[in-house]
Amino acid sequence: MKDYSCHIVQLALFVKQGKIQPDELSAKIRGALVIGDFNTMIVPDAPGMPDEFPRLQIHTVRGYRLTSSNARVDFFLDLPLGVDERLLGEFTQNCSALLGVLHGFGCAYSRIGFVKTYFSADERAEKTFIDLVSKLSSDDVSEVQFSLTKKTSISGYSCNDMFSFTSAYMSGRRGIVTVRDINTDPNVDLNLDAEKAESLITEFNFLSGKDSIVRFTGEH
């Protein structure tokens with residue numbers, strides 16, 4: 001199971017202050033981010049519309065997605081064939097550019113999260129996983145759903161470091177889907193500017209690498 005390939009990367013920004021204008025955000029993203037051609041869907045504000053309801057959605061031909069509401073901005077790179085180190089580097093550069101764009105709207109953030117979804121092909125995924133992490137017999141195990149959250153401090157911020165393992169199919173192959181989710185503590189209301197957010201993203205990206213999964217499972 002050591003051959004983990006990353007397929008989805010997500011940045012979640014929880015907006016504490018700032019007023020994002022969807023049409024302006026779309027235009028500035030087109031000029032500042034390297035994400036390819038994209039289609040935009042804008043939903044005008046309406047009375048009673050929840051802050052969490054998306055006002056802007058962007059989908060690009062290169063696998064990028066962005067959803068923006070008054071409460072949060074989610075930025076994804078989703079590629080069925082995998083996100084290699086070069087593409088991951090491109091994604092983090094685009095995250096920096098996005099923070100720069102949002103800074104122009106006066107944005108600061110109460111929380112941030114960074115999520116990677118990995119896949120490891122294995123026709124006997126359940127048995128392999130149980131044998132790695134448990135002393136239970138794996139003979140009759142037909143499905144794996146396992147998650148764990150560790151409280152940790154990263155650069156002085158209280159954070160959740162989350163592991164989730166699920167047996168599933170991806171692109172027609174059987175294996176284990178592993179989600180690495182590192183986020184700031186939801187019980188702590190932060191006030192992160194673009195510089196602090198970028199620093200945490202760098203830390204979260206490093207700590208959620210493939211090596212963290214191998215260390216967790218104890219594979220050699």
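Tutor: Cover here rests on contact, meaning heavy atoms within 4.5 Å. Helices (H or I, at least four residues) and strands (E, at least two) are DSSP runs, numbered from the N terminus.

Some ground rules come next. This is a predicted model: local features need pLDDT of at least 70, side-chain atom pairs count only at pLDDT 80 or more, and totals for chains, interfaces and linings use all residues. Residues are numbered from 1 along each chain as its sequence is written, and side-chain values use heavy atoms, with hydrogens and water left out.

Now the helix itself. H3 runs over residues 125-133, and its buried residues are Ala-125, Glu-126, Phe-129 and Ile-130. Down the axis of H3, these buried residues fall within an arc of 115 degrees, so they line one face of the helix. The arc is taken from the directions that run from the helix axis to the C-beta atoms. Buried means under 20% relative accessible area, exposed means over 50%, and partly exposed lies in between (1.4 Å probe, protein chains only).

Next, follow one residue off that face. Phe-129 has 1% relative accessibility and so counts as buried. Its ring belongs to a wider set of pairs. Rings of Phe, Tyr and Trp (its six-membered ring) pair if their centres lie within 6.5 Å; planes under 30 degrees apart count as stacked, over 60 as edge-to-face, and the rest as tilted. That rule gives 10 aromatic pairs. In one of them, the ring centres of Phe-129 and Phe-146 are 6.0 Å apart and the planes stand at 55 degrees, so this pair is tilted. Phe-129 sits in helix H3 and Phe-146 in strand S7, so the pair ties together parts that are 17 residues apart in sequence. Phe-146, at 32% relative accessibility, counts as partly exposed.

A second pair joins S8 to another helix. The rings of Phe-165 and Phe-216 have their centres 5.4 Å apart and their planes at 25 degrees, so they are stacked. Phe-165 lies in strand S8 and Phe-216 in helix H5 (residues 210-217), so the pair links parts that are 51 residues apart in sequence. Phe-165 is buried, at 0% relative accessibility. Phe-216 is partly exposed, at 26%.

Ser-155 lies in the loop between S7 and S8. Ser-155 is not a glycine, yet its phi is positive, about 50 degrees. At 46% relative accessibility, Ser-155 is partly exposed. The loop between S8 and S9 holds Ser-171. Ser-171 also has a positive phi without being a glycine, here about 55 degrees. At 58% relative accessibility, Ser-171 counts as exposed.

Now step away from H3. Leu-98 belongs to helix H2 (residues 85-103). Its relative accessibility is 0%, so Leu-98 is buried. Leaving out residues up to four places away in sequence, Leu-98 touches Ile-29, Leu-33, Leu-66, Val-73 and Phe-75.

Two arginines sit over rings. A charge does so if NZ of Lys or CZ of Arg is within 6 Å of the ring centre and within 35 degrees of the ring normal. Arg-65 has its charged end over the ring of Phe-76, 4.2 Å from the centre. Arg-111 has its charged end over the ring of Phe-14, 4.6 Å from the centre.

Last, the whole protein. There are 5 helices and 9 strands. Along the sequence they follow the pattern β-α-β-β-β-β-α-β-α-β-β-β-α-α. The C-alpha trace spans about 55 × 40 × 35 Å along its principal axes. Of the 220 residues, 46% are buried. Among contacts with a separation of 6 or more, 65% join residues 24 or more positions apart.
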